[in-house]
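Subject: Structure handover

Hi,

Here is the structure I promised to pass on. Please open it next to this email and follow along.

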Amino acid sequence: MGLLPLLPLFLFGGASWFARWVRPSGDEWCFLPLVRDEGFVALVDQFYSTDNGRIANGVLVASYATYGVAGQQWYAAISSLVILALLWAWAMALLRCAQWQVPRGLPLFSAAMLLAVFCFSSVNTYKTFFWPASSVSHTFPPVLAAAATIPALLATSRRGRTAATASAFVLGTVMGTLSEETSVVALTLLALALLLGPRLFPAGRLTFVRTWCATAGAGILIGTTLLLTSPGSHNRRTRHHADSMFAPESLSASLRGYVHILYTLLTSWQYLGVVAVGVLIGVLVRRADGRVPQPDHRAPLLLSFGAAALLLSGYVCTVIAYPAFGPSVATANRLWNDFLFLLLLLLAGVGGLLGNVTARRYRLHVKSVAAGAVLACVGLTVVLAFSLRALEPDMRERAEAWDTQDRLLRHQAAAGATVLPYTPLVVSKMSEPFGSRGKRPWPASCVATYYRVEKVTDGGNVPR
């Protein structure tokens, strides 16, 4: 079991190596020249004052944009290490809080497999894992929200509970200025936890749980208020006519899009790999005395509570995104990640419940079930590895063409050219100037700024 985590870790190692082919596209065309010319604070200020009001988001974007193209290439490796460490720590905190024991290596394996499914089972892995702007907005926030509960899970003293409550407020405020969609999911879960608290938590911890949830919710609401009252958020709402989101036709169109999203998610067989991870935990977990834990009577309620939060918050997230994305909200997969992570946790919970029942009723078959779950995880890891390997040639081809064109444009700009021809180089449906048959001129002005010229035009077939 100790060597099992190496499987998904090798997967992340390979993906991080492929990230050397990442080159600017989409929003990065605008981020990179701004932070290069005006500095870190200027990019954060643009987020707050012009773009969308997401201060914490701007800080994270500026952190990698400061290092230019290299920052984009290193982002995948660094972010996956950070996110994996958070998930691993969260898994260990859950086990400690429940006073359960599992074989060495299983928490890391479970965290790595969950993250691998989250990142690499996506219908567009590039946007989920390799595109830093999307990862900052939709991949990292839901994991951060889960990890925010670690201090509360570990709190056993008055001082620990005070520190946990304070951290909940701080992280909640950060969350509110990082991602509107993840904030919606977190607020929904917190509200249901407050409502169902007496049925979910022991009486001795109920006061602390209520205080923690209320404080975390207050932090998120304050952060969201800072975001919504910002000039950047006002500009974004005006630009996309966001007031129309509450119109009956917008609500119905959002519902149709959300149904399509749910159908896509529920018919993606790769997510069953998370159920296998849950089964493995369920059959191997033991109490401190070595016995199999008794089935928790609260488990069905907890799963129902999570499913209700998923359905409600997922629809609200779709409604929020619809004014900016229109009908494409049903296919813009990066927007799903904010509530997809909750779906994966629920699937892991279902697997854990099944594994626990198996361990108690069919003790003679525990090893066979555990072996089957491991084989399922291994098979899924192989499938994800082939999927990543199939994406790498597209990334490499685009990177090589980008480098060739980059050298040519820099040479022409150095020779005094003020207008440069730019050929769109698209990978995984990323936004490029003059895309959609010329209907998407954005971000041509940012490309011009990147090369320090007045204008770029649609270059058609620039030699590569």
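Are Cys-30 and Cys-446 buried or exposed? Both Cys-30 and Cys-446 are buried. Keep in mind that this is a predicted model.

**Cysteines**

A disulfide is a covalent bond between the sulfur atoms of two cysteines. The count here is one disulfide. Cys-30 and Cys-446 form it, with sulfur atoms 1.9 Å apart. The link is right-handed, with 85° about the S-S bond. It joins distant parts of the chain: Cys-30 sits in helix α2 (residues 28-38) and Cys-446 in helix α20 (residues 444-450), 416 residues apart.

Cys-213 counts as buried because its relative accessible area is 6%, and the cut-off is under 20%. Cys-317 is in no disulfide either; the nearest cysteine sulfur belongs to Cys-119, 18 Å away. Cys-317 has a relative accessible area of 3%, so it is buried as well.

**Helix α14**

Helix α14 covers residues 248-266. Its 19 residues should span 27 Å at 1.5 Å a residue, and its end C-alpha atoms are 27 Å apart, so the two values agree. Several of its residues are buried, including Ser-250, Gly-257, Tyr-258 and Leu-265. What covers the buried residues of α14 includes α16 (299-325) and α17 (337-361).

**Ser-137**

Look next at helix α8 (residues 132-147), where Ser-137 lies. Ser-137 is buried, at 7% relative accessibility. Its side chain reaches the backbone oxygen of Ala-133 at 3.2 Å. Which residues does Ser-137 contact, leaving aside neighbours within four places in sequence? They are Arg-54, Asn-57, Ser-179 and Asp-338.

**Nonpolar cores**

The largest nonpolar core has 120 residues, and Phe-120 and Phe-130 touch the most other members. Helix α18 (residues 366-414) gives the largest share of this core, 14 residues. Not counting residues up to four places away in sequence, Phe-130 touches a set that includes Ala-15, Phe-18, Leu-388 and Met-395. Another core lies apart from the largest one. This other core has 16 residues, among them Ala-186, Leu-196, Trp-212 and Cys-213.

**Salt bridges**

How many salt bridges does a search of the whole structure find? It finds nine.

Take Glu-432 and Arg-398, whose side chains meet in a salt bridge at 3.2 Å, N to O. This pair links distant parts of the chain, 34 residues apart: Glu-432 is in the loop between β3 (419-422) and α19 (435-438), and Arg-398 is in helix α18. Glu-432 is buried, with a relative accessible area of 1%. Arg-398 is buried too, at 4% relative accessibility.

Now compare Asp-37 and Arg-36. They form a salt bridge, with the closest N and O atoms 2.8 Å apart. Asp-37 is partly exposed, at 41% relative accessibility. Arg-36 is also partly exposed, with a relative accessible area of 34%. Arg-36, Asp-37 and Arg-452 are linked in a network of salt bridges.

One more pair is Asp-289 and Arg-287, whose side chains meet in a salt bridge at 2.7 Å, N to O. Arg-287 is partly exposed, with a relative accessible area of 28%.

Best wishes

How values were computed. Residues numbered from 1 in each chain as written. Predicted model: local features only at pLDDT ≥ 70, side-chain atom pairs only at ≥ 80, totals over all residues. Heavy atoms only, no water. Disulfide = S-S within 2.5 Å. Helix = DSSP H or I, 4+ residues; strand = E, 2+ residues; numbered from the N terminus. Buried < 20%, exposed > 50% of the residue type's maximum accessible area, 1.4 Å probe, protein only. Expected span 1.5 Å × (residues − 1). Contact = heavy atoms within 4.5 Å. Polar contact = N/O pair within 3.5 Å; in protein donor to acceptor, adjacent residues only side chain to side chain. Core = buried A, V, L, I, M, F, W, Y, C linked by side-chain atoms within 4.5 Å. Salt bridge = Lys/Arg side-chain N within 4 Å of Asp/Glu carboxyl O.
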